[in-house]
Amino acid sequence: MFSAHTVSVVREAEYALMARVPDGALMRRAAAGLAAECVRLLPRVYGSRVVLLVGGGDNGGDALYAGALLAARGAAVRALLAGGSAHEGGVGALRSAGGRVRKFADGEADGAEMFDADLIVDGLVGIGGRGGLREPHAALAVLASNAPVPVVAVDVPSGVDADTGEVVGAAVRADATVTFGTHKPGLFVDPGAERAGRVRLADIGLGPELPGPGLVCPQAVDIASLLPTPGAESDKYRRGVLAVRAGSDPYRGAAVLCVGGALRTGVGMVRFGGGKGVADQVIGRWPEAVADFRDPQSSTDLSPGRVAAAVIGPGRGTHPANADELRALLDSDVPVLVDADGLTLLTGDGGGPLAGLLRERTAHTLLTPHAGELARLLDADRADVEARRLEHAARAADRFRCTVLLKGSTTVVAHPGAPAVANPTGTPLLATAGSGDVLAGSVGALLASGLPAREAAMCGAYLHGRAASLARGGAPISASDLLDALPLAVAELSRSRRV
Ligand SMILES: NC(=O)C1=CN([C@@H]2O[C@H](COP(=O)(O)OP(=O)(O)OC[C@H]3O[C@@H](n4cnc5c(N)ncnc54)[C@H](OP(=O)(O)O)[C@@H]3O)[C@@H](O)[C@H]2O)[C@@H](O)CC1
Ligand SMILES: [K+]
């Protein structure tokens, strides 16, 4: 599990550590870690051309000291200073090692050094960056991103907000980022994650000073250790029965995909509740599902003894009868996942009785909005939700006192009082109709198997992303392809389980 800490937490840990180590020790450690990554990215060190982009703070200092280490090994290192001043010790060290330093003038659009380089090191701003990049930093960031040369970012790509991943204006697009002491949340969450490239953590001894993480990014072994495995004693009831309330006459496919997502993730049984037309379609595709034609509100199968969890919403409709159905589910004691039309009903409720029921629930509850749905739920701007995904997911989790899985370029999971989760397996291939219906069924199956909502959400998102990549070897997919690939993703994880 990768851990990330916000800038203020990193600063506190840094001060505590600085009090115990000699002056300049942390920067030397950071520079050594950075230089090692540069060596990995260069075809050879001796004779290679390295350009450092250097801002006025310690981020620039790291770049200069790393440049000095490379220059000492025979690289031709040039530093372009973005501001009037730069880290004095770093400039001195680079010059002493044979490197060259010049100021990059405001309005200069040349950057020829960059196009001829073997490697560009982005030390413009790190965790001290505030707001969008100013000039000439912004111009340098654009030149570096456009140069056909590998770029390594120091701590964070300049222009990416370290805490949120937000990008306002120009930002460096790095092939690799060397981050110090701990990961920063913005390296795992888009749009920042997409700018960071491969992220490598350089240990500078900060670990003992750090509290628990604010965000985690689970890896295959972490997900594998959470996934339930049926044992010899398992039967369909012990594995979990999932109630699915998805689909309606105009949207029958949503029910088929949602039920399929559950079955292909692994569940004891799916009990599908809905009208005859849609139920016939579900049973036609998935004869193993049990269809329940009773009126969902008077249905008795929502007692915890009969079903282990319920999914409601995909393609279900937003009529008053659907609101009654949602209310009945929220009033029950079973874990509930609310998606799509269920979320629209919550929005329409405007913080009224449905939201009240949500807040009072003691059973696990999970909302799975995309950015537009979350924006409507919070009465926020969709672009703001996309720019600062963590903040908005956390706000919804606090407001409704439940777990929130925010789908999108980076799927994030927020749960009151627990570290946020950034899913590492997302792919643009998932942006296809019906993909969310499959996810709802898949996460529902994990809820039914007994995982708490936060863990079910993180495992389901991980599997969904892997399934998209495995489905057709990276070629475009439809939501139905995900159903075929989900078992492959589960099997892949089983192989990576710790022994
Ligand atoms: N934490 C640790 O343990 C360790 C941290 N270390 C390193 O220190 C880094 C933090 O250094 P830092 O505090 O000096 O800040 P930094 O990122 O260089 O930025 C400040 C400079 O940027 C400027 N600037 C700001 N915003 C801007 C904008 N929008 N557009 C343009 N310019 C902008 C700002 O100018 P000002 O606004 O003050 O005029 C100032 O000059 C950290 O990321 C890591 O690399 C390691 O050495 C060792 C261990
Ligand atoms: K940087």
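A residue is taken to surround the ligand if its C-beta atom, placed from the backbone, lies within 6 Å of it. In this predicted model, 30 residues surround ligand 1. The closest are Gly 56, Gly 57, Asp 58, Gly 126 and Gly 128. By class, the shell around ligand 1 comprises 13 polar, 11 nonpolar and six charged residues.

Helices contribute to this shell. H1 (7-18), H2 and H3 (58-72) each supply at least two of its residues. The most come from H3, which gives five residues to the shell around ligand 1.

The strands were examined next. Strands of a sheet pair through backbone hydrogen bonds, either parallel or antiparallel. Here, seven strands form an open sheet with parallel pairing. Their order is S4-S3-S2-S5-S6-S7-S8. The edges are strand S4 (100-103) and strand S8 (198-202). Each has a single partner strand, so one side of each is left without a neighbour in the sheet. On average, neighbouring strands of this sheet are turned by 20° against each other, direction ignored.

Within the sheet, strand S5 (residues 119-123) runs parallel to strand S6 (residues 151-154). Three bridges join S5 to S6. Val 121 has Val 152 as its bridge partner in S6.

Helix H2 (residues 25-41) packs on the sheet. H2 touches strand S2 (49-54), S5, S6, strand S7 (176-180) and S8. The direction of H2 makes about 160° with that of S7.

Methods
Residues are numbered from 1 along each chain as its sequence is written. Chains are lettered from A and ligands numbered from 1 in the order in which they are written. This is a predicted model: local features need pLDDT of at least 70, side-chain atom pairs count only at pLDDT 80 or more; totals for chains, interfaces and linings use all residues. Two strands pair if DSSP finds at least two bridges between them. Helices (H or I, at least four residues) and strands (E, at least two) are DSSP runs, numbered from the N terminus. Axes are lines fitted to C-alpha atoms, for helices over the stretch in contact, and angles run from 0 to 180 degrees between N-to-C directions. Two residues are in contact if their C-beta atoms, placed from the backbone, lie within 7 Å. Ala, Val, Leu, Ile, Met, Phe, Trp, Tyr, Cys and Pro count as nonpolar, Asp, Glu, Lys and Arg as charged, and the others, Gly among them, as polar.
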